[in-house]
Protein chains: 2
Amino acid sequence: MAEDVARRRSTLDEVAELAGVSRSVASRALNNAPHVSRAKREAVERAVRRLGYVPNTTARALATRRTGVAALVVSGEDPSIFADPFFAQVIVGASGALEEADLHLMLCLAASDRGRRRVEDLLRSRGADGVMLMALRENDPLIRMAEETAMPVVFGGRPVGPAPRWYVDADNVGGAREATEYLVSRGRTRVAAICGRLDTGVGRARYRGYRDAMLAAGLSPLPPQEGDFTEPSGAAAMAALLVNHPEVDGVFAANDNMGVGALRTLREAGRTVPDDIAVVGFDDLAVARVADPPLTTVQQPVQALGRKMAHMLVALVNGQDPTPLILPTRLIVRASA
Amino acid sequence: MAEDVARRRSTLDEVAELAGVSRSVASRALNNAPHVSRAKREAVERAVRRLGYVPNTTARALATRRTGVAALVVSGEDPSIFADPFFAQVIVGASGALEEADLHLMLCLAASDRGRRRVEDLLRSRGADGVMLMALRENDPLIRMAEETAMPVVFGGRPVGPAPRWYVDADNVGGAREATEYLVSRGRTRVAAICGRLDTGVGRARYRGYRDAMLAAGLSPLPPQEGDFTEPSGAAAMAALLVNHPEVDGVFAANDNMGVGALRTLREAGRTVPDDIAVVGFDDLAVARVADPPLTTVQQPVQALGRKMAHMLVALVNGQDPTPLILPTRLIVRASA
DNA sequence: GAGACCTCTGGGAGCGCTCCCACTGGAAGC
DNA sequence: GCTTCCAGTGGGAGCGCTCCCAGAGGTCTC
């Protein structure tokens, strides 16, 4: 039972004094370090309990040069990108893994210039032990910052350009290929792709998977119909497809949000899914399951992505040199295709 | 142009030496404090640039007793609660407001016992300057922790029980009342409520609003059909209603997720919305807009909720004593009712 | 021209912890 | 009985910053 104690926090010195030992011994006892006799260890524990002592995180961080904090940075032009439930899942995964390593999660939405400057400061001011970077676009300034910092950086998804040293990514090309192959195997021959922003790694990879599969099947891929991973952009892309390629009988959408948007446009246009047009999404977020009709989609292990990123970061912080990771995807067949 | 500098971080002492001033002067110059001559101030600025100096966050925190960190704690039995897009919006709001105050956002998903213990440690170890608490259930251990800590705590939504000292909440009773009144005004007389968990403040408040409105209209409220704020639970609740109260012609769902779940069940049961049964939700998240039919719902300013919580916390941290806040809601009429 | 009152300045004492190191004394080895 | 070793101990020097304070030198008053 920790006694209720005055508001003033007690310090290690007070613990040491109450326990009748030196600060060094108290510190060692606290950290389960060796070279402390059983008696003194117990005395310290008693004192800790009596005083309700909790070590000051900041002081410890200063002395150990470890903050105990891992930052998750979500880049993007405007903060609404964060509304994508994808990130919530990543966070759940990362949070769990960090908890095991006793690290705290700092969340940075680097939307504005101000936000990016704060991230840069974080990188340089030792405000965290390491950083996980997500949703980077081509030429994102954060990429350069990541290269220049001495802080461990793990990428969530490879950005456009040379692959970073450490990353965790899903097999986007493979997943998109499988989705397209599935559409083709169901007899669809005029398959279009509603792809995500092509200045992102995911956007390009998923379009490439689609393209590869089409070519391999001897079909001609359509040019990318670009969206920005949101539902409305998917709806708009589908509308554009209906105008420009009315003969389309299958659609591969680069994520579920856009897939659901496509479904909405098709419904409004009086097209039936999957009879007239089959639709496949990507991600397998909750929205795919509750869509009407339920969306066939490529599942990627989103929580695992977060978890693996965190693991990789922990390894880096501990001085190891982990290898990049590509997580498998798998097709989930539902009613939409 | 900051020169590229060795990996070793430079310190304030080095800046001072290079600038030919004392550490005190350098510190003052850095913090825009008075009592620094123009010449020395510029010398310091030059040295800072040459060395690429960035003050060490931790050391500063130790000296000032300010961490520059605000924590957002999301409580709940399992982390999946965080999948609710509601939190993403809160975070966007809070993040923006904290950015203005130059605070960093720490995110704690306090799902497990371990997670709660970590929050407790955070509260006691001065790991943050203040805390925002959300999604608390009746008798949540975090409520007691919040009372006992010396750290500023702002509640997002009032938990069941006595109202905390500082909170930001939406007008849940008023919003639910308005939603129900609207259903009644459209001629619905057998209105049911799919309510959220009744061990949460929101859950109770929204059911109360429904109940008040029904009684005020001279109608008999149905007993609460409880869900847990998720889509499946809404679908299940709707299914139960169809069995137990097949005569129902209107449904107030305590949030959009459950409202969308209800829509799904109704669709599967062959009931048309709104002709057979009208449905109203609560929150006005993206899911309501893209539902089929689009969901009439009670809009609450979710981002503003986050923003206001952050503002309140900043005020507390700065020694002010802000007053609790209740944000207005407003009915958004769409096709489902 | 003495006192009051500025602005600048740098020394130094923290903030609360970790960790190196020198020291003690008892057990082990020969 | 001597050295050798090592578990146990506490002193003290950081970690990198802020901020109090005493002091220097200048301006302004009357």
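These legends describe close-up views of a predicted model.

**View 1. The contact between chain A and chain B.** Chain A contributes 51 residues to the contact, and chain B contributes 50. Together the two chains bury about 4,600 Å². Carbon and sulfur atoms account for 56% of that area. Three residues stand out on the chain B side: Glu99(B), Arg118(B) and Arg124(B). They supply 15% of the area that chain B buries against chain A, more than any other three residues.

**View 2. Polar and charged links across the interface.** Between chain B and chain A, 19 residue pairs are in polar contact, with both residues at pLDDT 80 or more. Six salt bridges cross the interface of chain B and chain A. One of these links Asp102(B) to Arg118(A), with the closest N and O atoms 3.5 Å apart. Over all chains, the structure holds 38 salt bridges.

**View 3. The face of chain B that touches chain A.** Six elements of chain B each give two or more residues to this side: helix 4 (57–64), helix 5 (85–100), strand 2 (104–110), helix 6 (113–124), helix 7 (141–148) and helix 11 (256–268). Helix 5 of chain B gives the most, with seven residues. By class, this side of chain B has 21 nonpolar, 16 charged and 13 polar residues.

View 4. Strand 2 (residues 104–110) of chain A pairs with strand 2 of chain B in the antiparallel sense. Three bridges hold this pairing. Among the paired residues, Leu105(A) has Leu107(B) as its bridge partner.

View 5. Strand 1 (residues 69–75) of chain A runs parallel to strand 2 of chain A, joined by seven bridges. Val69(A) has His104(A) as its bridge partner in strand 2.

View 6. Glu148(B) and Arg144(B) meet through their side chains in a salt bridge, 3.1 Å from N to O. Both residues lie in helix 7 of chain B. They are four residues apart, about one turn of the helix.

**View 7. The two ends of helix 4 of chain A.** At the start of helix 4 (residues 57–64), a side-chain oxygen of Asn56(A) reaches to within 2.7 Å of the backbone nitrogen of Thr58(A). Arg65(A) follows the helix and has a positive phi, near 60°.

**View 8. Strands 9, 10 and 12 of chain A.** Strand 9 (residues 278–283) and strand 10 (residues 296–299) pair in the parallel sense over four bridges. Asp283(A) has Gln299(A) as its bridge partner in strand 10. Strand 10 also runs antiparallel to strand 12 (residues 330–332), joined by three bridges. Here the bridge partner of Thr297(A) is Ile332(A).

Terms used
Residues are numbered from 1 along each chain as its sequence is written. Chains are lettered from A and ligands numbered from 1 in the order in which they are written. This is a predicted model: local features need pLDDT of at least 70, side-chain atom pairs count only at pLDDT 80 or more; totals for chains, interfaces and linings use all residues. Side-chain values use heavy atoms; hydrogens and water are left out. Contact means heavy atoms within 4.5 Å. Buried area is the accessible area (1.4 Å probe) that two parts lose on being put together, summed over both. A salt bridge is a side-chain nitrogen of Lys or Arg within 4 Å of a carboxyl oxygen of Asp or Glu. A polar contact is a pair of N or O atoms within 3.5 Å; within protein, one must be able to donate a hydrogen and the other to accept it, and residues adjacent in sequence count only if both atoms are side-chain atoms. Ala, Val, Leu, Ile, Met, Phe, Trp, Tyr, Cys and Pro count as nonpolar, Asp, Glu, Lys and Arg as charged, and the others, Gly among them, as polar. Two strands pair if DSSP finds at least two bridges between them.
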